[in-house]
Structures are given as structure tokens and as C-alpha cells.
Amino acid sequence: MIPEEELANDYRRLQEEHRQLQEDYEQLNQMFENMGLGYEEALNLYDQAVESSRMKTDFIQQISHEIRTPLNILSGFAQILTSGMELDDAMKQEVTQGIADNTQRITGLVNKMLELADASSDSAIECADDAPAVMIAAQAVDESCITMASHITFDMQIAPEVEMTMIHTNLQQATRALVLLLDNAMKFTHPAEAQGGAAAIKEKAKVVLSVAMSSQPTEQAEQAVAGRTGQQLCMTVEDTGIGIPEEEAEHIFDEFVQLDEYYDGTGIGLTVARSIARRLGGDIVLDTSYKEGARFVYSLPL
């Protein structure tokens with residue numbers, strides 16, 4: 001049998017723990033009241049914090065995988081080069097190209113991390129470039145290599161009034177945001193991983209880049225330029241990919257969000273693209289009226 005004195009001590013300890021829990025509960029209640037939050041709102045905030053933590057963990061794991069893969073390949077090439085093996089011209093070319101490709105892949109990942117760190121900034125991006133508006137589209141198409149993607153057909157449509165229009169902006173950053181939108185379109189029109197290896201798509205997906213002035217027909221395009229004075233340049237990236245549910249129209253711009261985990265990626269491309277657009281005085285919105293895939297409207301002030 002347990003001695004009575006030990007039972008009394010356990011009882012007093014339980015009473016003390018219960019009292020402490022009551023105090024903690026009252027403090028939490030007071031904190032929620034001071035914040036103007038009810039129980040449900042506080043619970044929602046907690047759930048959001050848990051989900052944010054989960055997404056960050058997934059992001060770190062994904063980045064670790066993305067970096068390890070090219071590093072392992074580079075290590076393999078290094079072993080070949082230092083092994084003393086006699087390499088023919090074809091093998092030398094393959095090794096050289098492999099080193100270049102995987103070095104570029106790692107550099108791209110590091111740059112994305114730097115961009116993500118900068119994306120949370122509210123500071124405006126310095127605009128010191130005066131350039132033809134069509135140059136943004138032309139450079140983005142070239143840098144994204146979208147015309148070389150074998151799984152899609154790509155079309156660029158330039159409105160006549162844009163051809164002679166000049167824009168005062170940061171050309172490099174404005175182009176980068178559009179490159180990220182084109183990359184997003186290429187990724188989510190690819191038939192490979194999304195269906196878990198299901199049957200190949202018979203007809204090629206399409207991506208269309210339209211460049212026009214602010215008089216766009218969609219409600220989302222009007223939202224993108226609403227409240228801003230002067231004309232706006234609107235670049236619309238439209239695809240026939242997997243699409244985005246209307247209720248996720250804002251969520252997809254959050255950090256680390258990937259709606260379909262079968263696709264490779266880091267979940268930061270749209271976050272960075274919108275951050276750049278807004279810091280240039282423009283915006284990027286999802287056109288939820290479009291149902292054949294996804295359509296993003298990217299606006300910039302002239």
C-alpha cells in the first residue's frame with residue numbers, strides 16, 4: 001500500500017498543477033480578449049500557425065532534396081575526372097554539359113532563396129530604366145526558354161498600341177516576375193507527375209502570353225489596375241494546365257504553398273513574382289473567371 005503521507009503529497013501536487021492550468025487558461029483568455037479574438041478565431045490562428053510550420057518543414061525538405069541531387073551528380077562527374085579514365089570526345093562533352101547544367105541548377109536554387117528573403121520587404125524597387133514595354137515580354141520569353149518546351153505550344157500576342165509604348169521601370173526585376181509566371185505555366189501544364197504517371201495527354205497544352213494596355217475585359221485585370229492613375233501595362237499568362245480552384249486565388253501567393261505535391265518545385269515562385277510586381281507599383285492577380293487552366297494578370301505602371 002502507498003503511505004498516506006505520499007498520497008497527500010501527490011494530492012497537493014495535483015491541486016497545484018490544476019491551479020496552474022487554471023491560471024494559464026485565464027491568461028490565454030485575457031490575451032485573446034485583449035486582441036479582440038474569440039475562441040474560434042484564436043483556434044483558426046493556431047491552425048494557420050501549425051499549417052505554416054508544416055509548409056516550412058516541407059519546403060526545407062524539398063530544398064534539401066533539390067540541392068542534394070545536383071551535388072551528387074557533380075560528385076559523380078568529379079570522380080570520373082579524377083579517376084584517370086581515358087574519356088572519348090562524346091563522354092567529355094557529356095561530363096562538361098552535366099557539370100554546367102547542375103551548377104546552374106544549384107545557382108538557381110540559391111538565387112531563389114535570396115529572392116524569397118527579399119520578397120517579404122515592403123521597400124519599393126528602384127526604377128531607373130526607360131525601355132520599350134515589349135522588351136519585358138521578349139526578354140522573359142528568352143530567359144524562360146518556354147519556346148523550347150516540347151510539351152506545350154506557346155503563343156505571344158502583342159497589342160498594336162504596345163509596340164511603340166515605353167515604360168519606366170526596373171527592367172531586370174519586371175522581367176524576372178514574368179519569367180516566374182511563365183515557369184509556373186510550363187510546370188503545371190506538364191503531364192508527367194501530376195496524374196501519378198497516368199496516361200499521357202494526347203493533345204499538347206497551350207500557353208499564351210498577351211501584352212496589352214490596361215483595358216482588359218476580365219474583372220481580375222480591372223482589380224490589378226484599380227486605384228492607380230495613368231495607363232497600365234497588362235501582361236496576361238494563360239495556360240491549359242491543371243488550373244487553380246477559385247477559393248485558392250489568394251492562398252497560392254503565400255510562401256511554400258503547393259496545391260499539387262506531385263509536381264516538383266519549392267512553392268515560392270508566385271510569392272516572389274507578386275512581391276516584385278507590387279514593389280514596382282503593379283500587381284499580379286489570378287483571373288478566377290478562366291476555367292480552362294490558369295490565367296494570371298500582371299500589371300505595371302507605365
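## Model and confidence

This is a predicted model, in which local features need pLDDT of at least 70, side-chain atom pairs count only at pLDDT 80 or more, and totals for chains, interfaces and linings use all residues. Residues are numbered from 1 along each chain as its sequence is written, and side-chain values use heavy atoms, leaving out hydrogens and water.

The average pLDDT (the predictor's confidence in each residue, from 0 to 100) is 77 for the chain. A score of at least 70 is reached by 68% of the residues. Residues 193-201 fall below 50. Beyond near neighbours in sequence, that stretch has 9 contacts (heavy atoms within 4.5 Å) in the model.

## Helix 5 against helix 7

Helices are DSSP runs of H or I, at least four residues, numbered from the N terminus. Helix 5 spans residues 171-187 and helix 7 spans residues 269-279. Their axes (lines fitted to C-alpha atoms over the stretch in contact, with angles from 0 to 180 degrees between N-to-C directions) come within 9 Å and cross at roughly 150°. The two helices are therefore roughly antiparallel (angles over 145 degrees) to each other.

Helix 5 contributes Q173, R176, A177, L180, L181 and N184 to the contact. Helix 7 contributes G269, L270, V272, A273 and I276. By class, the contact residues are 7 nonpolar (Ala, Val, Leu, Ile, Met, Phe, Trp, Tyr, Cys and Pro), 3 polar (the others, Gly among them) and 1 charged (Asp, Glu, Lys and Arg).

## L71 in helix 2

L71 sits in helix 2, residues 39-82. Its relative accessible area is 43%, so L71 is partly exposed (between buried, under 20%, and exposed, over 50%, with a 1.4 Å probe and protein chains only). I99 is 28 residues apart from L71 along the chain, and their C-alpha atoms are separated by 9.7 Å.

Conventions: Angles under 35 degrees count as roughly parallel, over 145 as roughly antiparallel, 65 to 115 as roughly perpendicular and the rest as oblique.
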